[in-house]
Amino acid sequence: MNISVIITSCNRYEILERTVDSIFRNSLKPYECIIVDQSEDVVRMDSVLNIISSKYDIRIYRDSDKGVSRARNIGGKIAKGDILAFLDDDAHADKNWLISIRDTFSSGKFNIGIAGGKIIPIFDEIDPDWKIPDQWKYMLPSYDRGDYCGPYKENELPAGVSMAVPKKVFN
């Protein structure tokens, strides 16, 4: 089972390398890693992408339009893996992220169309002086059902920050 990792990025020059590093530090290496870049400052992003591509084998697709859904659709269309794993450019993957995705889809326990997992916001890594006011914390992309593995509850879907879907379902 081959897993294509797709990262959508737009103007995240300072943190994109950390995100890609987290993918290649995984216990399981991705079949391929695709970055769909919608940044406005192409020169600045090129310097970041040059650093990343000197360390890892990545594919880069430039898109002059905007929109995370658009970028995910582009990445999904060009990906060659059996499973598409989407990760936002401001996230970092747990060291067992890809193994968990592989094991979830290959377990045979469920007929899986889409999967997601735990999302724990860690904003002080990016800017330790920035704090979100308590009254807005409900807006954070946070999801944690512990170690539960099974169907989503009614009206519950995985957050786009970290989700995976079989390529055949995506198509």
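Visitor: In β4, which residue is the bridge partner of Ser-4?

Guide: This is a predicted model, in which local features need pLDDT of at least 70, side-chain atom pairs count only at pLDDT 80 or more, and totals for chains, interfaces and linings use all residues. Residues are numbered from 1 along each chain as its sequence is written, and side-chain values use heavy atoms, without hydrogens and water. Strands are DSSP runs of E with at least two residues, numbered from the N terminus, and two of them pair if DSSP finds at least two bridges between them. β1 and β4 (residues 83-88) run parallel and are joined by 6 bridges, and within β4 the partner of Ser-4 is Leu-84.

Visitor: Which hand does the β-α-β crossover from β1 to β2 have?

Guide: Strand β2 (residues 32-37) runs parallel to β1, with 6 bridges between them, and Thr-8 has Val-36 as its bridge partner there. The chain crosses from β1 to β2 through helix α1 (residues 16-24; a DSSP run of H or I, at least four residues). With the strands pointing away from the viewer, a clockwise path from the first strand over the helix to the second defines the hand, and this crossover is right-handed.
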